[in-house]
Amino acid sequence: MRLRTPTRPEFTERVLADLNAFLVDHAANERKASALAMSLVMHYPDRRELVRAMIDVAQEELEHFAQVAAILDARGVIMGPDEKDPYVGELLKLRRKGREHYFLDRLLLAGIIEARGCERFAMIGEALEDEALAAFYRELARAEARHHALFIRLARVYFDPADVRARLDELLDAEAAIVDRLPLRARLH
(Lines give C-alpha, C1' and ligand atoms only; values in the text may rest on other atoms or scores of the structure.)
Protein backbone atom coordinates (compact mmCIF):
# COMPACT_ATOMS: atom_id res chain seq x y z
CA MET A 1 0.00 0.00 0.00
CA ARG A 2 1.28 3.42 -0.92
CA LEU A 3 -0.12 6.60 0.52
CA ARG A 4 -1.40 8.87 -2.24
CA THR A 5 0.08 12.08 -0.88
CA PRO A 6 3.24 12.58 1.15
CA THR A 7 3.35 14.56 4.35
CA ARG A 8 4.79 17.98 3.63
CA PRO A 9 8.39 18.45 4.88
CA GLU A 10 7.29 21.32 7.14
CA PHE A 11 5.76 18.66 9.40
CA THR A 12 9.13 17.92 10.96
CA GLU A 13 9.75 21.64 11.53
CA ARG A 14 6.49 21.85 13.48
CA VAL A 15 7.36 18.76 15.53
CA LEU A 16 10.89 19.90 16.32
CA ALA A 17 9.61 23.36 17.31
CA ASP A 18 7.25 21.81 19.91
CA LEU A 19 8.60 18.34 20.61
CA ASN A 20 6.96 18.09 24.03
CA ALA A 21 3.49 18.65 22.57
CA PHE A 22 4.24 16.06 19.91
CA LEU A 23 5.36 13.54 22.55
CA VAL A 24 2.18 14.07 24.58
CA ASP A 25 0.08 13.50 21.47
CA HIS A 26 2.20 10.51 20.49
CA ALA A 27 1.61 8.89 23.89
CA ALA A 28 -2.14 9.38 23.51
CA ASN A 29 -2.05 7.82 20.04
CA GLU A 30 -0.19 4.74 21.29
CA ARG A 31 -2.76 4.26 24.05
CA LYS A 32 -5.62 4.66 21.58
CA ALA A 33 -4.01 2.18 19.17
CA SER A 34 -3.82 -0.39 21.96
CA ALA A 35 -7.46 0.26 22.83
CA LEU A 36 -8.49 -0.09 19.18
CA ALA A 37 -6.81 -3.47 18.92
CA MET A 38 -8.62 -4.69 22.04
CA SER A 39 -11.88 -3.27 20.72
CA LEU A 40 -11.48 -5.41 17.61
CA VAL A 41 -10.92 -8.45 19.84
CA MET A 42 -14.11 -7.74 21.76
CA HIS A 43 -16.25 -6.94 18.70
CA TYR A 44 -15.10 -9.87 16.56
CA PRO A 45 -14.32 -12.74 18.95
CA ASP A 46 -15.30 -15.27 16.27
CA ARG A 47 -12.43 -14.13 14.00
CA ARG A 48 -9.69 -16.23 15.56
CA GLU A 49 -6.79 -15.00 13.42
CA LEU A 50 -7.82 -11.41 14.08
CA VAL A 51 -8.08 -12.03 17.83
CA ARG A 52 -4.58 -13.52 18.07
CA ALA A 53 -3.06 -10.74 15.98
CA MET A 54 -4.84 -7.91 17.79
CA ILE A 55 -3.80 -9.15 21.23
CA ASP A 56 -0.19 -8.95 20.04
CA VAL A 57 -0.74 -5.49 18.54
CA ALA A 58 -2.45 -4.25 21.72
CA GLN A 59 0.50 -5.40 23.81
CA GLU A 60 3.04 -3.84 21.47
CA GLU A 61 1.17 -0.52 21.29
CA LEU A 62 0.85 -0.46 25.07
CA GLU A 63 4.62 -1.02 25.33
CA HIS A 64 5.14 1.91 22.96
CA PHE A 65 2.88 3.98 25.18
CA ALA A 66 5.00 3.06 28.20
CA GLN A 67 8.18 4.01 26.33
CA VAL A 68 6.81 7.40 25.31
CA ALA A 69 5.48 7.95 28.86
CA ALA A 70 9.01 7.29 30.17
CA ILE A 71 10.45 9.82 27.69
CA LEU A 72 7.89 12.39 28.84
CA ASP A 73 8.71 11.68 32.48
CA ALA A 74 12.44 12.09 31.84
CA ARG A 75 11.70 15.45 30.20
CA GLY A 76 9.49 16.53 33.11
CA VAL A 77 6.40 16.67 30.90
CA ILE A 78 3.01 15.61 32.22
CA MET A 79 0.49 14.03 29.89
CA GLY A 80 -2.64 16.08 29.49
CA PRO A 81 -6.16 15.15 28.49
CA ASP A 82 -6.67 13.72 25.03
CA GLU A 83 -7.42 16.11 22.23
CA LYS A 84 -9.72 15.30 19.34
CA ASP A 85 -7.68 14.23 16.33
CA PRO A 86 -9.12 15.94 13.22
CA TYR A 87 -7.37 13.49 10.87
CA VAL A 88 -8.74 10.39 12.57
CA GLY A 89 -12.13 12.04 13.01
CA GLU A 90 -12.38 12.71 9.28
CA LEU A 91 -11.28 9.16 8.45
CA LEU A 92 -13.83 7.62 10.80
CA LYS A 93 -16.61 9.45 8.97
CA LEU A 94 -15.77 7.25 5.97
CA ARG A 95 -16.83 4.01 7.70
CA ARG A 96 -19.82 2.39 6.09
CA LYS A 97 -22.78 0.85 7.88
CA GLY A 98 -23.51 -2.85 7.92
CA ARG A 99 -21.54 -5.41 9.92
CA GLU A 100 -19.25 -6.60 7.13
CA HIS A 101 -18.72 -3.21 5.46
CA TYR A 102 -18.00 -1.67 8.84
CA PHE A 103 -15.54 -4.45 9.72
CA LEU A 104 -13.68 -4.10 6.42
CA ASP A 105 -13.51 -0.34 6.77
CA ARG A 106 -12.20 -0.60 10.34
CA LEU A 107 -9.36 -2.85 9.18
CA LEU A 108 -8.47 -0.73 6.17
CA LEU A 109 -8.64 2.58 8.03
CA ALA A 110 -6.47 1.18 10.81
CA GLY A 111 -3.98 0.11 8.14
CA ILE A 112 -3.99 3.57 6.56
CA ILE A 113 -3.52 5.30 9.93
CA GLU A 114 -0.59 2.99 10.69
CA ALA A 115 0.92 3.70 7.26
CA ARG A 116 0.71 7.45 7.86
CA GLY A 117 2.27 6.95 11.28
CA CYS A 118 5.06 4.93 9.67
CA GLU A 119 5.80 7.73 7.23
CA ARG A 120 5.78 10.42 9.89
CA PHE A 121 7.82 8.49 12.46
CA ALA A 122 10.45 7.88 9.78
CA MET A 123 10.51 11.61 9.01
CA ILE A 124 10.98 12.42 12.69
CA GLY A 125 13.66 9.75 13.04
CA GLU A 126 15.61 11.42 10.25
CA ALA A 127 15.15 14.96 11.60
CA LEU A 128 16.00 14.54 15.28
CA GLU A 129 19.50 15.41 16.43
CA ASP A 130 19.18 13.34 19.63
CA GLU A 131 20.46 10.00 18.28
CA ALA A 132 18.74 7.86 20.93
CA LEU A 133 15.39 9.49 20.27
CA ALA A 134 15.96 9.35 16.51
CA ALA A 135 16.70 5.60 16.74
CA PHE A 136 13.53 5.13 18.80
CA TYR A 137 11.44 6.80 16.08
CA ARG A 138 13.09 4.83 13.30
CA GLU A 139 12.22 1.64 15.21
CA LEU A 140 8.65 2.84 15.68
CA ALA A 141 8.42 3.45 11.92
CA ARG A 142 9.30 -0.20 11.36
CA ALA A 143 6.64 -1.29 13.87
CA GLU A 144 4.02 0.88 12.15
CA ALA A 145 4.99 -0.68 8.81
CA ARG A 146 4.40 -4.16 10.26
CA HIS A 147 1.06 -3.07 11.70
CA HIS A 148 -0.23 -1.47 8.52
CA ALA A 149 0.71 -4.58 6.54
CA LEU A 150 -1.01 -6.75 9.15
CA PHE A 151 -4.30 -4.85 8.93
CA ILE A 152 -4.33 -5.12 5.14
CA ARG A 153 -3.43 -8.81 5.28
CA LEU A 154 -6.25 -9.44 7.76
CA ALA A 155 -8.69 -7.65 5.48
CA ARG A 156 -7.67 -10.06 2.72
CA VAL A 157 -8.21 -13.02 5.06
CA TYR A 158 -11.82 -12.06 5.72
CA PHE A 159 -12.80 -10.42 2.43
CA ASP A 160 -12.33 -10.98 -1.27
CA PRO A 161 -8.97 -9.43 -2.26
CA ALA A 162 -10.57 -7.58 -5.18
CA ASP A 163 -13.10 -5.97 -2.81
CA VAL A 164 -10.29 -5.08 -0.42
CA ARG A 165 -8.26 -3.45 -3.22
CA ALA A 166 -11.26 -1.47 -4.52
CA ARG A 167 -12.24 -0.16 -1.10
CA LEU A 168 -8.62 0.52 -0.15
CA ASP A 169 -8.23 2.62 -3.29
CA GLU A 170 -11.30 4.68 -2.34
CA LEU A 171 -10.08 5.18 1.21
CA LEU A 172 -6.54 6.08 0.14
CA ASP A 173 -7.92 8.75 -2.19
CA ALA A 174 -10.09 10.14 0.61
CA GLU A 175 -7.17 10.03 3.09
CA ALA A 176 -4.99 12.00 0.67
CA ALA A 177 -7.64 14.71 0.38
CA ILE A 178 -7.89 14.88 4.19
CA VAL A 179 -4.11 15.17 4.61
CA ASP A 180 -3.88 17.85 1.93
CA ARG A 181 -6.53 20.06 3.52
CA LEU A 182 -5.65 19.73 7.23
CA PRO A 183 -3.09 22.12 8.70
CA LEU A 184 0.21 20.70 9.90
CA ARG A 185 0.59 20.59 13.67
CA ALA A 186 3.10 19.31 16.19
CA ARG A 187 0.97 16.17 16.40
CA LEU A 188 1.25 12.73 14.87
CA HIS A 189 -1.78 13.41 12.66
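Setting aside residues up to four places away in sequence, Leu104 is in contact (heavy atoms within 4.5 Å) with Arg96, Ala155, Phe159, Val164 and Arg167. This is a predicted model, in which local features need pLDDT of at least 70 and side-chain atom pairs count only at pLDDT 80 or more, while totals for chains, interfaces and linings use all residues. Residues are numbered from 1 along each chain as its sequence is written, and side-chain values use heavy atoms, with hydrogens and water left out.

**Helix α5 and Leu104**

- Leu104 belongs to helix α5; helices here are DSSP runs of H or I with at least four residues, numbered from the N terminus.
- Leu104 counts as buried because its relative accessibility is 4%; buried means under 20% relative accessible area, exposed over 50% and partly exposed in between, using a 1.4 Å probe and protein chains only.
- Most of α5 is covered, with 22 of its 29 residues buried.
- How far apart are the end C-alpha atoms of α5? They are 42 Å apart, which agrees with the 42 Å that 29 residues should span at 1.5 Å a residue; the expected span is 1.5 Å times one less than the number of residues.
- An α-helix has 3.6 residues a turn, so residues three or four places apart point the same way.
- Between Leu104 and Leu188, which are 84 residues apart along the chain, the C-alpha atoms are separated by 24 Å.

- A salt bridge needs a side-chain nitrogen of Lys or Arg within 4 Å of a carboxyl oxygen of Asp or Glu.
- Arg120 lies over the face of Phe11, 4.8 Å from the ring centre; the rule asks for NZ of Lys or CZ of Arg within 6 Å of the ring centre and within 35 degrees of the ring normal.
- Beyond its neighbours within four places in sequence, Arg120 has contacts that include Thr7, Phe11, Val179 and Leu184.

**Val179, a contact of Arg120**

- Val179 sits in helix α7 and is buried, with a relative accessible area of 7%.
- Not counting residues up to four places away in sequence, Val179 touches Thr5, Arg8, Tyr87, Arg116 and Arg120.
- Val179 and Lys97 are 82 residues apart in sequence, and their C-alpha atoms are 24 Å apart in space.

**Aromatic pairs**

- Rings of Phe, Tyr and Trp (its six-membered ring) pair if their centres lie within 6.5 Å; planes under 30 degrees apart count as stacked, over 60 as edge-to-face and the rest as tilted.
- By this rule, the count is 6 aromatic pairs.
- Phe22 and Tyr137 make a tilted pair, 5.9 Å centre to centre with 55 degrees between the planes.
- Phe22 lies in helix α2 (residues 19-43) and Tyr137 in helix α6 (residues 131-158), so this pair ties together parts that are 115 residues apart in sequence.
- Both Phe22 and Tyr137 are buried.
- Phe103 and Phe159 also form a tilted pair, at 5.6 Å centre to centre and 55 degrees between the planes.
- Phe103 is in helix α5 and Phe159 in the loop between α6 and α7 (161-181), so the pair ties together parts 56 residues apart in sequence.
- Phe22, Phe121, Phe136 and Tyr137 form one aromatic cluster.

**Salt bridges**

- Side chains of opposite charge can pair when their charged atoms come close.
- How many salt bridges does a search of the whole structure find? The search finds 21.
- Arg4 and Asp169 form one, with the closest N and O atoms 2.7 Å apart.
- That pair links distant parts of the chain, as Arg4 is in the segment before α1 (10-17) and Asp169 is in helix α7, 165 residues apart.
- A network of salt bridges links Arg4, Arg165, Asp169 and Asp173.
- Arg181 and Glu90 meet in a salt bridge at 3.0 Å, N to O.
- Arg181 lies in helix α7 and Glu90 in helix α4 (residues 86-92), so the pair ties together parts 91 residues apart in sequence.
- Arg181 is exposed, with a relative accessible area of 51%, whereas Glu90 counts as partly exposed at 24% relative accessibility.

Technical notes:
Helices (H or I, at least four residues) and strands (E, at least two) are DSSP runs, numbered from the N terminus.
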